[in-house]
Structure formats: structure tokens, C-alpha cells
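Open the model in your viewer and keep the selection tool at hand. The tour goes stop by stop.

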Amino acid sequence: MISLREVYKRYRTDHGLGKWVLQGVTINIPRQCNVGLIGQNGAGKSTLLRIIGGIDKPTRGSIERRCRVSWPLGLGGGLQGSLTGKQNAKFVCRLHGHEDSLRDKLAFIRDFSELGDAFDEPVKTYSSGMQARLKFALSLAFDFDVYLVDELTAVGDAAFKKKSRQAFQGLADHAGLVMVTHDEKSLREFCQAGIWLHQGNAYWFDRIDDAIQSYKESMAS
Amino acid sequence: MSISRTPLDVTISVWKALFLREALTRLSAGRSAWLWLLLEPVAHVAFLMIIFSTIRQRVLPGVEFALFLAIGVIGFHLFKNSAQRSIGAISANMALFAYRQGKPIDSVLVRIFLEGVIQLFVGVSLLSIMALFGFDVLPNDPLRAITAWMLLWLFGAGLGLMLSVGATLVPEIGKIANLTFTPLYFISGVFFAPFMMPAVIQEYLILNPIIHGLEGLRSAFFRGYPNIAGISLSYLAVFSLLTVFFGLLLHMRFSNKLVTH
């Protein structure tokens, strides 16, 4: 269960305080629930995801995570360029307290990311596709209760895409998801419930179709 | 399924992960980086020896000049590296903050700790090498030597904690701080003994807390080392505690701002 209470957020810009991005979002996200997060560009979807993921703090309000929540997948960062893929993977494993099962995790990550020998090369030499594959493999290596996903579905070549889609389906089946995407098809495929972000407020829908409907109506009017 | 870790568990695993990563990058940066760590102070001492053995003939009573220099260089480097390496700690670890477990202060604390470990290793190696050359390197008062060493480290740590916040929020602070370390080297008594200075200058010299640490270290090594009036480790201790306190305070106050820019 992730509960947000009266979450407000605004950023400090170069010229003073920015607009309120979130204005009093109060929402409970059950653990075993796949939620799609939708809204216009700039509605604060990624901001909300970062706050849920704990890498950004709300300006006001509080958030509580009573389960293991992943870092926001698909957002930038998370890899150190001067270190090899393996060293990065080790670091993330240790960070999450998997010192004991390090070997298994590394074997899995190396295997899934299909990096081969490049796994022992510095990450800065990787192409963007290789980096994305490494990050995706990393996120699959841990058992989180809820995964946070920001526009992740299209990564790598056709074969890898197929594989990651299957893995993703597996995730969606056994863990909770909070997913940001503009792709209606993936929303319908992976999510049951929906959160619609509109003018700084969040609206919960038990069915993703209703959320998409409201979103579309607001766009049309 | 959801085994929740206590905050302490999380912090410890973060420190462990960060320490290994920092140590790796510090010791494997470039060809034989670990060798340079040792060669740098050796070169320093050798260089100073050459200069001072030619221009200055005055001999300090009961004090080996090479050992005198070595202690000064090691002590100052301990302080300087702890403070200076902290400045870049947060920006170098920006990628880490994509995982909520890591906080800016973790990266700074880990660097300070690593620098302490490295400088301890360097210091012990340097003294051991000098022992092989026949110097009497064992401190006369080991407890005082350890205290002085720890305080110099803590002062560097405190300054580093403060500068790491300052330099991340206002980059100019980092640049100015980096410029200050060189003049600080010259007025901290690394290569001169304060008691050989005129009384007028001594008055000003002892305002600098680092001199208290270096002189404390030397008086711990050399029996009957003539400390000037006013040298006390407590003076450095006050500075160390104050800077650590304010450094931690700054980190608490600005912990959010350091990551979200």
C-alpha cells in the first residue's frame, strides 16, 4: 500500500517559484494493483512518479510506502559512466541489500541484458539501447512489490522488445505496477485501475477505461 | 514477500556499496593510481628537503628534519583531502540519487571515511619506509599522535560537509575553496616550525586551527619538541566539532535541494 496525503509540489525555477504542479493529491494505491497514470504533457505524471519513488520530496504533504517500491524505471540516471556494467550492477545489488545473492543476480543481469563481453566495459561506451537493456535487466533482478514505470515499453531491437514485453507481463501478473505512458494499448493491456492527473489534482478510477474516457473528454472540451 | 529493512540496514548497505564504488574509482583511476597516492607525499617531502637543506642550515634540536616534514605533509594532506574530495562528492554521485536509498550526505561521509583510510595507509607506509632508512619513527606519545590525527581528519570532514552543501548549491564556493587550500598550505606550518618564527607572526599563526593539529602531532612524535605558547589540541577540537555540527546541520536543512535542481 502506498498512501499519499495532501501532496503539493512546486519547483524552484530560475526566476523564483514555479507553478504548483500538484495541488493536494490524496490517493491510496493498493499493493497488488496495476495502475495507469495518465494526463496531459506537463500535468505532473513524472513528478508524481518520482515522489512515489522517493527520489523527490513533496513541497507539502506526506507519503508512506508500506511495501517494497522500485525506483522509477525508464527515467534517466542510475548508471555511473566510468564504471563497467558489472560494477554498476554490483553497486545496485549492494544498495538493495543483496550482498548474499550477488552472484546469482549478476548472472541474471548479464544474461537478460544480452550484453555479453560489453558487461565488463565502462557504461559510457554503451549505446543508448545497451544502457536501456542493462537498466531493464537491473530492475527485473529484484523482487519489488510495486514497480514504477515511466514510458518503458519500447526498448532495444525486435527480439529484445518481445522478451522484455513478456518479462513485463510477468511483472504485471505477480507485482503491482504504477505506469506512466501515452500508449493507450499498453495501458489497457497492463493496467486495471487508472489515475487521471488534471490541473494539479488526481482522480482515481477503478477501471482504466473510465480514466481514459475522462482524459479524452477533457482534451476534447 | 516484503521483508522490510530497518533504516539502519538500508544506510549500512548504502555505505558499503558506496564505499566499494568510491574505493574502486579512487584506486583504479588511471594507471597505478594507488602508487601515486604513495608517491605524491614522498615526492613532496623529497622536494621540500632539497629546498630547505640548501637554503636553511638551522637545525631543530632533537628533530629529524625529514621526519618533521613528513609529519607535516601527511597531516596536512589528511585535512586537505578530506575537505577537498568532499566538495565534488555530491555532483559525482548524481546518478546514485536515482535510487531513493542514497542520500547526498552518504556520498560525502563515505568519501571522508575513504580518505581517512587512504591517508592512514599512506602515512603508515611512509613512516615504515623512513624506518627502513634508519629514522626513529615511533611516536613518543602515541595517544596524543592518534588524537591529533583524528582531529585533523575531523576538521577536514567538518569543512568538507559544509563545503559539499555550499559548492553544490553555489558552485563558486567550491572554486574559491579549492583556491584557498594552497595558501593554507603555506601558513599551516607544513614546512616550518612556528617556534622559529618571530613572536609577532606567531600570534597570528596560532589562529589557524591546522597548525595546532600539526604541532600537536609533532610534539607527540618528538620528545621535548618546543611547542609555542597557545598550541593546544582543544582549540582544534572546538573547530572540528563546530564544523561537523554545522556541516550536518546544512545537510539536514538542504537535503532536498541538493538533489532536485
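Start with A:Ser3: its bridge partner is A:Glu64, in S4(A). Keep in mind that this is a predicted model.

Now widen the selection to the two strands. Strand S1 of chain A covers residues 2-13. S1 and S4(A) run antiparallel to each other and share 5 bridges.

You now have an open sheet of 3 strands, in the order S2-S1-S4, with antiparallel pairing. Which strands form the edges? They are S2 (16-29) and S4 (60-65) of chain A, each pairing on one side only. Look along the sheet for its twist: from one strand to the next, the average is 30°.

Move on to the contact between the chains. Select 21 residues from chain A and 22 residues from chain B to show it whole. Which element of chain B gives the largest share of the side that touches chain A? Select helix H1 of chain B, residues 7-28: 9 residues of that side come from this helix. Colour the chain B side by class and you get 10 nonpolar, 7 polar and 5 charged residues.

Last stop: helix H7 of chain B, residues 171-187. H7 has 17 residues and reaches 26 Å from its first C-alpha to its last, close to the expected 24 Å. Where does H7(B) kink? Centre on B:Phe181, where the kink is about 30°. Then step just past the end of H7(B) to B:Gly189, which takes a positive phi of about 70°.

Definitions and conventions
Residues are numbered from 1 along each chain as its sequence is written. Chains are lettered from A and ligands numbered from 1 in the order in which they are written. This is a predicted model: local features need pLDDT of at least 70, side-chain atom pairs count only at pLDDT 80 or more; totals for chains, interfaces and linings use all residues. Helices (H or I, at least four residues) and strands (E, at least two) are DSSP runs, numbered from the N terminus. The expected span of a helix is 1.5 Å times one less than its number of residues. The bend at a residue is the angle between axes fitted to the seven residues ending there and the seven starting there. Two strands pair if DSSP finds at least two bridges between them. Axes are lines fitted to C-alpha atoms, for helices over the stretch in contact, and angles run from 0 to 180 degrees between N-to-C directions. Two residues are in contact if their C-beta atoms, placed from the backbone, lie within 7 Å. Ala, Val, Leu, Ile, Met, Phe, Trp, Tyr, Cys and Pro count as nonpolar, Asp, Glu, Lys and Arg as charged, and the others, Gly among them, as polar.
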